[in-house]
Amino acid sequence: METKALQGVRILDMTHVQAGPSATQLMAWLGADVIKVEMPGRGDITRSQLRDVPNADSLYFTMLNSNKRSLTLNMKTPEGKALLEDLVQRSDVLIENFGPGVLARAGFDWDHLQDLNPRLVYASIKGFGPGPYADCKAYENVAQCMGGSASTTGDADGVPTVTGAQIGDSGTGVHAVVGILAALLQREHTGRGQRVEVAMQDAVLNLCRVKLRDQQRLANGPLREYPNQDFGDHVPRAGNASGGGQPGAALRCAPGGPNDYVYVIIQPQGWEPLMRLCGREDLINNPDYATPEARLKHLADCFAVIEKWTRGISKFDVMAALNEVDVPCGPILSMKDLIEDESLYQRGYLVELEHPQRGNYVQLGCPITLSASPVQVERSPLLGEHTEEILEWLGRTPAQIAAMKLAGAV
Ligand SMILES: CC(C)(COP(=O)(O)OP(=O)(O)OC[C@H]1O[C@@H](n2cnc3c(N)ncnc32)[C@H](O)[C@@H]1OP(=O)(O)O)[C@@H](O)C(=O)NCCC(=O)NCCS
């Protein structure tokens with residue numbers, strides 16, 4: 001019989017927006033039973049944010065809440081609190097990313113949760129860890145700004161820039177999943193749950209560790225791979241310079257549209273084949289260009305030579321030619337390029353799903369493939385779609401359910 005990696009793990013999902021839902025969606029794909037708890041009548045705020053189809057759940061919501069069940073429950077009512085206690089007792093994991101102190105204010109602090117269920121893993125995502133910012137709320141860009149990403153992204157003489165990658169939200173979600181899975185594994189030995197805390201600032205800084213590396217390298221001299229050599233006492237924005245040890249740059253390609261660029265990396269062994277492709281065999285053994293150390297002194301010239309060649313052909317032709325000679329590169333793919341890439345659908349990473357309110361939409365599948373835990377991507381639930389079935393499972397009678405609805409508890 002087919003099983004799933006997290007089969008039998010029940011997750012009480014009190015998350016909203018992106019950081020938390022991205023974590024629970026991953027665990028749902030890996031087979032956990034995820035019960036998303038939402039405010040009656042409103043639900044996760046993202047259901048109505050950036051709406052593109054009137055009265056339908058937004059893509060913001062649908063793309064972060066696949067494979068979950070939705071239960072509406074007002075945790076500020078006595079009936080809602082009682083239901084939540086029942087759910088805590090029957091769950092393996094409770095995860096939330098409310099503002100600081102919200103769950104404790106509703107009567108569910110860690111001591112109470114542990115009393116209710118000593119085996120519970122309680123994961124909370126906040127903007128910041130203990131310290132001066134502990135009580136502050138946070139969103140993606142706040143975390144990017146305070147985790148070192150914005151100060152190191154963009155052009156050297158431009159404004160601090162946030163990246164399109166949601167490293168503060170979804171990046172933190174992945175960190176939270178690691179903590180939860182580790183805590184579940186430890187519970188196998190100890191029989192007890194534990195608290196898992198992840199701060200968005202910490203997750204972003206973890207993902208920006210190469211910049212913290214460079215901050216320390218600065219003490220021993222300038223960072224030669226950075227395009228702007230005018231250093232103060234902090235790591236500057238590096239434009240498109242490579243974060244690794246090998247120089248790289250985004251180079252123009254034909255026909256010259258906004259995304260007709262290819263990112264090319266010059267490994268030491270790549271110089272000779274690159275120069276042959278560019279018709280510049282004369283630079284292969286030229287002492288000013290022959291070694292990585294010599295090239296570091298004038299990287300801009302090196303990339304200008306290569307760009308002269310790339311400008312005449314398409315980014316995909318550059319990729320084909322460079323891979324032929326084992327030179328790492330990446331054409332700049334637009335979101336249009338990606339959503340139209342048939343190969344992503346063929347391997348199930350992009351999936352077209354049907355939604356009762358909005359018709360078909362494209363969903364990203366699970367980015368992690370387990371050979372014995374296949375993923376069947378399912379649409380996000382409508383608000384409260386599973387409220388009745390979950391209340392019945394919790395032993396509530398039809399009359400009790402009707403009364404709770406009337407009282408606004410569910
Ligand atoms: C994202 C964030 C800034 C949103 O702030 P917000 O919209 O003001 O939402 P909060 O989480 O503070 O909660 C709002 C209220 O809704 C209430 N609420 C939410 N779900 C509820 C439910 N099911 N029943 C009853 N009340 C509920 C909370 O109790 C809280 O009320 P309170 O302040 O009176 O205690 C904030 O949640 C936050 O900083 N979260 C942690 C960091 C994070 O994850 N940020 C990224 C999100 S992608």
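# Close-up views of a predicted model

View 1. The ligand is surrounded by 23 residues, and the closest are Val17, Asn97, Phe98, Gly99 and Lys137. A residue is near a molecule or strand if its C-beta atom, placed from the backbone, lies within 6 Å of it. This is a predicted model: local features need pLDDT of at least 70, side-chain atom pairs count only at pLDDT 80 or more, and totals for chains, interfaces and linings use all residues. Residues are numbered from 1 along each chain as its sequence is written. Helix 1 (19-29), helix 4 (102-105) and strand 5 (121-126) each supply at least two shell residues. Helices (H or I, at least four residues) and strands (E, at least two) are DSSP runs, numbered from the N terminus. By type, the shell holds twelve nonpolar, six polar and five charged residues. Here Ala, Val, Leu, Ile, Met, Phe, Trp, Tyr, Cys and Pro count as nonpolar, Asp, Glu, Lys and Arg as charged, and the others, Gly among them, as polar.

View 2. The protein has 17 helices and eleven strands. Its C-alpha atoms fill a box of roughly 85 × 45 × 40 Å, taken along the principal axes. The domain assignment gives domain 1 (10-206 + 342-406) and domain 2 (244-252 + 261-331). Such bounds come from an automatic or database domain assignment. The C-alpha centres of domain 1 and domain 2 are 44 Å apart. Of the 410 residues, 35% count as buried. A residue is buried if 20 or more other C-beta atoms lie within 10 Å of its own, exposed if 12 or fewer, and partly exposed in between; C-beta atoms are placed from the backbone. Among contacts with a separation of 6 or more, 66% join residues 24 or more positions apart. Two residues are in contact if their C-beta atoms, placed from the backbone, lie within 7 Å.

View 3. Six strands form an open sheet in the order 3-2-1-4-5-6, with parallel pairing. Strand 3 (69-72) and strand 6 (195-199) are the edge strands, and each pairs on one side only. The twist averages 20 degrees from one strand to the next. Two strands pair if DSSP finds at least two bridges between them. Strand 4 (residues 93-96) pairs with strand 5 in the parallel sense over four bridges. Glu96 stands opposite Ser124 in strand 5. Helix 7 (residues 170-190) packs on this sheet and touches strand 4, strand 5 and strand 6. The direction of helix 7 makes about 165 degrees with that of strand 5. Helix 8 (residues 200-207) also packs on the sheet, touching strand 5 and strand 6, and its direction makes about 65 degrees with that of strand 6. Axes are lines fitted to C-alpha atoms, for helices over the stretch in contact, and angles run from 0 to 180 degrees between N-to-C directions.

View 4. Three strands form an open sheet in the order 7-8-9, with antiparallel pairing. Strand 7 (248-252) and strand 9 (329-331) stand at the edges with a single partner strand each, so one side of each is left without a neighbour in the sheet. Neighbouring strands of this sheet are turned by 20 degrees against each other on average, direction ignored. Five bridges join strand 7 to strand 8 (residues 261-265). Ala250 has Tyr263 as its bridge partner in strand 8, and Ala249 has Val264. Three bridges join strand 8 to strand 9. Across that pairing, Tyr263 stands opposite Gly330 in strand 9. Helix 12 (residues 299-310) lies across strand 7 and strand 8, at about 35 degrees to strand 7. Helix 13 (residues 315-324) packs on the sheet, touching strand 8 and strand 9, and its direction makes about 160 degrees with that of strand 9.

**View 5. Val351 in strand 10.** Val351 is found in strand 10 (residues 350-355). Val351 is partly exposed, because 19 other C-beta atoms lie within 10 Å. Gln363 is twelve residues from Val351 along the chain, and their C-alpha atoms are separated by 5.2 Å. Leaving out residues up to four places away in sequence, Val351 touches Gln363, Gly365 and Val377.

**View 6. Ala409 after helix 17.** Ala409 is found in the segment after helix 17 (398-406). Ala409 counts as buried, because 21 C-beta neighbours lie inside 10 Å. Ala409 and Thr72 are 337 residues apart in sequence, but 8.1 Å apart in space, C-alpha to C-alpha. Not counting residues up to four places away in sequence, Ala409 touches Asn74, Thr77, Glu79, Gly80 and Met404.
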